[in-house]
Amino acid sequence: MKIDGGCHCGSIRFEAEVDPATVVICHCTDCQTFSGSAFRTVVQTKPGTFALLSGAPTVYVKTAERGNRRQQTFCPTCGTPIYSAPVTGDTKVVVLRVGAIRQRDQLLPCDQYWFRSSQAWLPNLPKIKKQGEQPVVDETGGRRDS
C-alpha cells in the first residue's frame, strides 16, 4: 500500500510503501512516553520505499531496555513523531508512526507488543463517555459543554 504523511505543521512530508498486515501497537513504557499516550501504533516500510519529501527531522537516539539503540525522529517545529531508524541513520527501512500517516484510518493493528506494560484501564475504553469534539475550555481551565 502506498502511503504519505507528515507532521502537524507541514514542515516534514514523506511517502513510502507499507504492508497493512504489519501494523502493530507497542505498549512499552518508552512508547508511552514518546507518544504522550497509552501506546504507540507503528508500521514498517517496505525496503527502499521511504522518501523524505520535505523537511529535516530532529533525531534523538534512545537505548531500549534490552540495549538496542535506535533513532527516534520528530519535527523540530511542532514535535510530531515521524519514524524510528537504525542508529546509523540508514532509512532503507524505517518504522513510521501511524499517527503521521494520512491513510491512518486504513491501517488496522494486527498485533500488540509489550502488552505486560499496557495500561490497566484500556479494557474499559468502550465504556468511557464519548464526545464528538473537544469541549470548550475557557482561560481559567473551566469547561463548558458546547
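Trainee: What share of the contacts in the protein with a separation of 6 or more comes from residues 24 or more positions apart?

Mentor: Such residues account for 57% of those contacts, where contact means heavy atoms within 4.5 Å. Please note that this is a predicted model, in which local features need pLDDT of at least 70 and side-chain atom pairs count only at pLDDT 80 or more, while totals for chains, interfaces and linings use all residues. Residues are numbered from 1 along each chain as its sequence is written, and side-chain values use heavy atoms, with hydrogens and water left out.

Trainee: How many helices and strands does the protein have?

Mentor: There are one helix and twelve strands, taken as DSSP runs numbered from the N terminus (helices H or I, at least four residues; strands E, at least two). Along the sequence the pattern reads β-β-β-α-β-β-β-β-β-β-β-β-β.

Trainee: Why is Phe14 called buried?

Mentor: Buried means under 20% relative accessible area, exposed means over 50%, and partly exposed lies in between (1.4 Å probe, protein chains only). Phe14 has 1% relative accessibility and therefore counts as buried. Phe50, at 11%, is buried as well. Buried residues make up 33% of the 146 residues in the protein.

Trainee: What makes a set of residues a nonpolar core, and which members of the largest one touch the most other members?

Mentor: A nonpolar core is a set of buried Ala, Val, Leu, Ile, Met, Phe, Trp, Tyr and Cys residues joined through side-chain atoms within 4.5 Å. The largest has 19 residues, of which Phe14, Leu96 and Ile101 touch the most other members. Strand E2 (13–17) and strand E8 (81–86) are the elements that give two or more residues to this core, and E8 gives the most, with three. Beyond four places in sequence, the contacts of Leu96 include Phe14, Phe50, Ile82, Tyr83 and Ile101.

Trainee: Why is the aromatic pair of Phe14 and Phe50 called tilted?

Mentor: Rings of Phe, Tyr and Trp (its six-membered ring) pair if their centres lie within 6.5 Å; planes under 30 degrees apart count as stacked, over 60 as edge-to-face and the rest as tilted. For Phe14 and Phe50 the centres are 6.1 Å apart and the planes 35 degrees apart, and the pair is tilted. Phe14 lies in strand E2 and Phe50 in the loop between strand E4 (40–44) and strand E5 (51–54), so the pair ties together parts that are 36 residues apart in sequence. Phe14, Phe50 and Tyr83 form one aromatic cluster.

Trainee: Is Thr80 buried or exposed?

Mentor: Thr80 has a relative accessible area of 15% and is therefore buried. Thr80 is found in the loop between E7 and E8. Leaving out residues up to four places away in sequence, Thr80 touches Gly6, Cys7, His8, Thr73, Phe74, Cys75 and Ala100.

Trainee: What is noted about the phi of Trp114?

Mentor: Most residues other than glycine have a negative phi. Trp114 is not a glycine, yet its phi is positive, at about 50 degrees. Trp114 lies in the loop between strand E10 (111–113) and strand E11 (136–137).

Trainee: How do you know that Trp114 is partly exposed?

Mentor: The relative accessibility of Trp114 is 28%, so Trp114 counts as partly exposed.
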